[in-house]
Amino acid sequence: ARTGFIATITVGSLIAEDLLGSASLAGLPAATATIGVAVGTAPIAALMARHGRRAGISGGMGLAAVGASIAAVAIGLDSFALFVVGMFAFGFGNAGDRLSRYAAADVSPPQQRSLAISIVVWAGTIGAVLGPLLLEPTKRLAEDLGLGGLVVPVLLGAAAAAAGAMMAFVGLRPDPLSFVERDTDDEAEAAGSVGSLLGLSTVRYAIVALIVGQVVMVLIMTMTPVYIRRAGDGLGIVGLVIGAHTFGMFAVSPLTGWFADRFGRLPVMIAGQVVLAVSALMAAAASGDDTLLLVVALFLLGLGWNFGFVAGSAYLTEHAPTAQRVRLQGVADAMVWTSGAAASLSSGFLLEAWGYDALSLIGAALVAIPLVVLFRYRTAIIS
């Protein structure tokens, strides 16, 4: 599933630029997909809370397959509006895949939750790296078949989502939520609301860190393909740079999880924020045809996101009572993906108005936000 998702999102900005003749709205398809994830997270989490993780994951991925198919048809019809609709449905369904990392935490003891989450994230490594690297070959295949050069990655997204839905429906038995034991004081905790949990310093910091990591990553990653193509390079270089980025996002996940369980989730989250800032500054210094620097910068961008995503997800889970854990995870993810959508949508405007270097510097500046929150609530968070 991750192969198709990354491939589809990567070409989304290029397809938009081709359909519209401008990069101003090139971030809209990715933003719409991310909005779809954000909108889909809460209802799919509610479905999981009622009927189990299997229903939410398989149902979501089935919808993602339908959405990608609509997007592929839209390319053939030269319809940007229909393409955006398809990307929204594609993202909505992918919310099930995004919440699947918590299924690993459901079946793991507290001291191994980071590692469990990291293994799920790591499982997407092959697809995440392979997706961008398939862009140039699939473009040639599409042209040989008389199709639009960018339609095959979108069709790949549909096929991969359908395969993921089938695998989850058939293979995810027994349901992971059946392994979760209620805390002894859950009855009292259940009387509170998810909103009250959002007031806790630890939960607030976890969500802010997850949001900023997603925003910085999406802001820079979304416009990098456009920046590279404008410098005169083709999809092969785009695939190489984005492949390095997704490799950083997923490949080291088991090591990240082990470090988070061994040394604490908080230090790994802080390390991720530092790496994000360094990567953003490197991207700001890179020209569009500086392939080596962009490869390193985008790899570090993915790595910093990985630190925050794995450790932050585990940190959020361990500070949530089991009675409300699934719904809190859904609310947190909805906030994360909504913020990511805003970053994706604004990225095209920032690129056109101020350039790629300014866009990257904005990303670097945003990293200060979770550090300020950490300092503000340091007594409650560190204790």
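Author: Buried means under 20% relative accessible area. Keep that cut-off in mind for this predicted model.

Reader: Is Arg98 buried or exposed?
Author: Arg98 has a relative accessible area of 11%. The cut-off for buried is under 20%. Therefore Arg98 counts as buried.

Reader: Which residue forms a salt bridge with Arg98?
Author: The closest N and O atoms of the pair are 2.8 Å apart. A salt bridge needs such atoms within 4 Å. The partner of Arg98 is Asp97.

Reader: And is Asp97 buried or exposed?
Author: The relative accessible area of Asp97 is 13%. Buried means under 20%, so Asp97 is buried.

Reader: How many salt bridges does a search of the whole structure find?
Author: The bridge between Asp97 and Arg98 is one example. Another joins the side chains of Arg53 and Asp106. The search of the whole structure gives a count of five.

Reader: How many residues apart are Arg53 and Asp106?
Author: Their side chains meet in a salt bridge, at 2.7 Å from N to O. Arg53 sits in helix H3 (residues 53–77), and Asp106 sits in helix H5 (residues 101–106). The pair links distant parts of the chain, and the separation is 53 residues.

Reader: Are Arg53 and Asp106 buried or exposed?
Author: The cut-off is under 20% relative accessible area for buried and over 50% for exposed. Arg53 and Asp106 are both buried.

Reader: Is Asp261 buried, partly exposed or exposed?
Author: Asp261 forms a salt bridge with Arg265, with the closest N and O atoms 2.8 Å apart. Arg265 is buried, at 11%. Asp261 has a relative accessible area of 23%. Buried stops under 20% and exposed starts over 50%, so Asp261 is partly exposed.

Reader: Which residues do salt bridges with shared partners join into one network?
Author: Asp261 and Arg265 form a salt bridge. Shared partners extend the group to Glu318. The network is Asp261, Arg265 and Glu318.

Reader: Which residues form a nonpolar patch on the surface?
Author: One member is Leu20, in helix H1 (residues 2–20). Leu20 has 39% relative accessibility, so it counts as partly exposed. The patch has about 310 Å² of accessible area together. Its members are Leu20, Leu25, Leu345 and Phe349.

Reader: How many helices and strands are in the protein?
Author: Helices H1, H3 and H5 have come up already. The count for the protein is 20 helices and zero strands.

Reader: What share of the residues counts as buried?
Author: The protein has 383 residues. Arg98 is one of the buried ones. The buried share is 58%.

Key. Residues are numbered from 1 along each chain as its sequence is written. This is a predicted model: local features need pLDDT of at least 70, side-chain atom pairs count only at pLDDT 80 or more; totals for chains, interfaces and linings use all residues. Side-chain values use heavy atoms; hydrogens and water are left out. Helices (H or I, at least four residues) and strands (E, at least two) are DSSP runs, numbered from the N terminus. Buried means under 20% relative accessible area, exposed over 50%, partly exposed in between (1.4 Å probe, protein chains only). Patches are made of residues with over 30% relative accessible area and no salt bridge: like charges are joined within 9 Å, nonpolar side chains (Val, Leu, Ile, Met, Phe, Trp, Tyr) within 5 Å. Accessible areas come from the Shrake-Rupley method with a 1.4 Å probe; for residues, only the protein chains shown count as cover.
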